[in-house]
Amino acid sequence: MKILSIQSSVAYGHVGNSAAAFPLQRLGHEVWPVLTVHFSNHTGYGAWRGPTLPAADVAEVINGIEDRGVLGSADAVLSGYQGDPAVGAVILDAVARVKAANPAAVYCCDPVMGDAGRGMFVRPGIPEYLRDTVVPRADIITPNHFELDFLAGRTTNSLAEVLDAVDVVRATGPRHVLVTSVLHGDLPPDSLEVVAVSDEGAWAVTTPLLPINPNGGGDVTAALYLAHLSTTGSPATALERTIASVYTVLEATLAAGTREIQLIAAQDVIADPPTRFTARRLR
């Protein structure tokens, strides 16, 4: 595939495009990274340097790609953290232009807003903008459990409630929903689930809960799910391959004792996902 990936970038470490581009390339896809920020490192360190790019500059880069006559050949648009509605509008405009030239193209949005334990960590107004304006325009979304609850306007504590919340969100537009970091009362201790739902059905993968929560894992997950879903056409297979790769990368990160996910050291499991987890059908 050819993927227009509009995300943040860091020089040191792996978040945003610095987490998504390499796994996609390792799977053989062409990536056109468009940067929304270029920081020295991710903000989880508490200090960083580098510019936030104005929306007009982001738009200019996309316009330059269009000038080459190739924007319409993109098969997918991928976006992550959107810190400014103006940048979100640029992304949606790019999606519209890509789809006008290639109606088969898809938009995959990771609606980054917050997570359990931390709450919302984006600017006021961004969650509502994502919920009301961006998510309805997406074909695929990859929220975590906390973000799903916000998008659906409810709190979910069981797997059935999670599926009901997904249905509420899918009714607004996106046909494919991947929910990460799902915790509910029906799970065994020290486990979590990832749930995929589409028109074809719903599936879940259960994994052990690793004592690690590094930055960038969600960015890798969204990129890999987009890639595997687009190439296999199977949400269940995409779920299995994505979680096998991400879980193994997180294991390597835990073993290395680092703050940065071990994308380079564990790249073989991205290119050739191991058979580790089986997706069970929920409906």
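This is a predicted model: local features need pLDDT of at least 70, side-chain atom pairs count only at pLDDT 80 or more; totals for chains, interfaces and linings use all residues.
Me: In which sense do strand S1 and strand S2 pair, parallel or antiparallel?
Reply: Strand S1 covers residues 2-10 and strand S2 covers residues 30-39, with eight bridges between them. Within this pair, lysine 2 stands opposite glutamate 30 in S2. The sense of the pairing is parallel.

Me: Through which helix does the chain cross from S1 to S2, and what is the hand of the crossover?
Reply: S1 and S2 pair in the parallel sense. The chain passes between them through helix H1, residues 17-26, in a β-α-β crossover. The helix is therefore H1, and the crossover is right-handed.

Me: How many bridges join strand S8 to strand S9, and in which sense do they run?
Reply: Strand S8 takes in residues 176-182 and strand S9 residues 191-198, and valine 179 stands opposite valine 195 in S9. The strands are joined by four bridges and run antiparallel.

Me: Is threonine 180 buried or exposed?
Reply: Threonine 180 lies in strand S8, and, leaving aside neighbours within four places in sequence, its contacts are Pro143, Asn144, His145, Glu193, Val194 and Thr221. Its relative accessible area is 16%, and because the cut-off for a buried residue is under 20%, threonine 180 counts as buried.

Me: What is phi of serine 181, a residue other than glycine?
Reply: Most residues other than glycine have a negative phi. Serine 181, which has its place in strand S8 and is partly exposed with a relative accessible area of 40%, has a positive value. Its phi is near 55°.

Me: Which residues are in contact with aspartate 186, leaving aside its neighbours within four places in sequence?
Reply: Aspartate 186 is found in the loop between S8 and S9, where it counts as exposed at 55% relative accessibility. From C-alpha to C-alpha, aspartate 186 and leucine 159 are 7.1 Å apart in space, although 27 residues apart in sequence. The contacts of aspartate 186 are Ser158 and Leu159.

Me: How many aromatic pairs does a search of the whole structure find, and what is the pair of phenylalanine 39 and tryptophan 48 called?
Reply: The search finds three aromatic pairs. In the pair of phenylalanine 39 and tryptophan 48, the ring centres are 5.8 Å apart and the planes stand at 40°. Phenylalanine 39 counts as buried at 12% relative accessibility, whereas tryptophan 48 counts as partly exposed at 40%. The count is three, and this pair is tilted.

Me: Which parts does the pair of tyrosine 247 and phenylalanine 277 tie together?
Reply: Tyrosine 247 and phenylalanine 277 form an edge-to-face pair, 5.2 Å centre to centre with 85° between the planes, and both residues are buried. They are 30 residues apart in sequence, so the pair ties together helix H8 and the loop between H9 and strand S11.

Me: Which side chain joins that of glutamine 262 in a polar contact?
Reply: Glutamine 262 is found in the loop between helix H8 (235-256) and helix H9 (268-271). Not counting residues up to four places away in sequence, glutamine 262 touches Val249, Ala252, Thr253 and Ala256. The polar contact, at 3.1 Å, is with the side chain of threonine 258.

Me: How much of the chain over residues 91-258 is helix, and how much is strand?
Reply: UniProt, in an unreviewed entry, lists residues 91-258 as "domain: Pyridoxamine kinase/Phosphomethylpyrimidine kinase". Over these residues the end C-alpha atoms are 33 Å apart. The chain there is 46% helix and 20% strand.

Key:
Residues are numbered from 1 along each chain as its sequence is written. Side-chain values use heavy atoms; hydrogens and water are left out. Two strands pair if DSSP finds at least two bridges between them. Helices (H or I, at least four residues) and strands (E, at least two) are DSSP runs, numbered from the N terminus. A polar contact is a pair of N or O atoms within 3.5 Å; within protein, one must be able to donate a hydrogen and the other to accept it, and residues adjacent in sequence count only if both atoms are side-chain atoms. Contact means heavy atoms within 4.5 Å. UniProt positions are given in the numbering used here, feature names are shortened, and annotations may be inferred rather than shown by experiment. Rings of Phe, Tyr and Trp (its six-membered ring) pair if their centres lie within 6.5 Å; planes under 30 degrees apart count as stacked, over 60 as edge-to-face and the rest as tilted. Buried means under 20% relative accessible area, exposed over 50%, partly exposed in between (1.4 Å probe, protein chains only).
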